[in-house]
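This report describes a predicted model. The sequence and structure come first, followed by notes on selected parts.

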Amino acid sequence: MSTETPSIIVTKERQPKPKWLRVKLPTGKKYTELRGLVDKYKLNTICASGSCPNMGECWGEGTATFMILGNVCTRSCGFCGVKTGRPETVDWDEPEKVSRSIKIMKIKHAVLTSVDRDDLKDMGSIMWAETVKAVRRMNPDTTLETLIPDFQGIEKHIDRIIDVAPEVVSHNIETVKRLTREVRIQAKYERSLGVLKYLKQQGQRRTKSGIMLGLGETREEVIETLHDLRDSDVDVVTIGQYLQPSKKHLPVKEFITPEQFKEYEEIGLALGFRHVESSALVRSSYKAQKHIN
């Protein structure tokens, strides 16, 4: 492995994205079929609503991501494009709606995620558990990844996820320790590590986390974060480029080169992660179906 520090491209105002961030429009028979179903039945996938660059590839492999507990978050993270404010009342029909969507789309591996619901006594954990149960009833052959919030680190809420035994439980650390207060305003770096460690201590078979780069972190801080995640017994890590959702959000400070992403992948694998997905366009659910093994 090279000991040289890989190059970083520092952005200036209105600098165009580098060529490795340009993506082709999704195509293919499977994508076209699923896009038609999503539009026809008004199915709510975060793949489509978030304009994920990997949507065509993931849908082609039978993977899709669904967001539960509404679309308004109680937190105001500086990187996230989800609306912040006072969420609507919980829709207790949502587990069945998500399950039907997965069945209509014939999804082989579903990723479930949600907004933070700090307004609820259970932080939304009961809805999480009910959704997993409903998906299992209607789609017994579909495997599941749950990309969960931190539930403020409250163990009884995390236990509800562990009890329904999704194949993978994911919780994103998002950024390095120094930047956490700025990037994830109401979250705590050590609390996220604690959630991941607790999951494994309580018998969760596969755990996963993700990091965004380009927010001003140093190479040494990224490597430190990888060490922290591995020390928390995390199995899978995803590393991708942060892109600014709007002018109101934190600016991109660097475009990380493919060479540096590759180096982080090599470092992660050397540390003992089971899987490392590291490139500019990687998002939390990228190639999620691989991570159950």
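## Helices α5 and α6

Helix α5 (residues 125-138) packs with helix α6 (residues 155-164) at an angle of about 10°, and their axes are 8 Å apart. Because angles under 35 degrees count as roughly parallel (over 145 roughly antiparallel, 65 to 115 roughly perpendicular, the rest oblique), α5 is roughly parallel to α6. From α5, the contact is made by Ser125, Ile126, Trp128, Ala129, Val132, Lys133 and Arg136; from α6, by His157, Arg160, Ile161 and Val164. Contact here means heavy atoms within 4.5 Å. The axes are lines fitted to C-alpha atoms, for helices over the stretch in contact, and angles run from 0 to 180 degrees between N-to-C directions.

## Basis of the model

Residues are numbered from 1 along each chain as its sequence is written, and side-chain values use heavy atoms, with hydrogens and water left out. In this predicted model, local features need pLDDT of at least 70 and side-chain atom pairs count only at pLDDT 80 or more, while totals for chains, interfaces and linings use all residues.

## Overall make-up

The protein has 10 helices and 11 strands. These are DSSP runs numbered from the N terminus: helices are H or I with at least four residues, strands are E with at least two. Of the 293 residues, 54% are buried, where buried means under 20% relative accessible area, exposed over 50%, and partly exposed in between (1.4 Å probe, protein chains only).

The accessible surface comes to about 14,300 Å², and carbon and sulfur atoms account for 50% of that surface. Accessible areas come from the Shrake-Rupley method with a 1.4 Å probe; for residues, only the protein chains shown count as cover. Among contacts with a separation of 6 or more, 76% are between residues 24 or more positions apart.

Val176 is placed in the loop between β7 (168-170) and α7 (180-183). This residue is buried, at 1% relative accessible area. Leaving aside neighbours within four places in sequence, Val176 is in contact with Tyr189, Glu217, Glu221, Val222 and Thr225. Glu217 is 41 residues from Val176 along the chain, and their C-alpha atoms are separated by 6.7 Å.

Glu88 is in the loop between β4 (83-84) and α4 (94-105). With 66% relative accessibility, Glu88 counts as exposed.

Met123 is not a glycine, yet has a positive phi of about 60°. The residue lies in the loop between β5 (109-114) and α5 and is buried, with a relative accessible area of 9%.

Asp233, also a residue other than glycine, has a positive phi near 65°. Its loop runs between α9 (219-231) and β9 (236-241). Asp233 counts as partly exposed, at 35% relative accessibility.

Asp231 belongs to helix α9 and is exposed, with a relative accessible area of 57%. Asp231 and Leu271 are 40 residues apart in sequence, and their C-alpha atoms are 9.5 Å apart in space.

The charged end of Arg230 sits over the ring of Phe273, 5.7 Å from the ring centre. A charge sits over a ring if NZ of Lys or CZ of Arg is within 6 Å of the ring centre and within 35 degrees of the ring normal.
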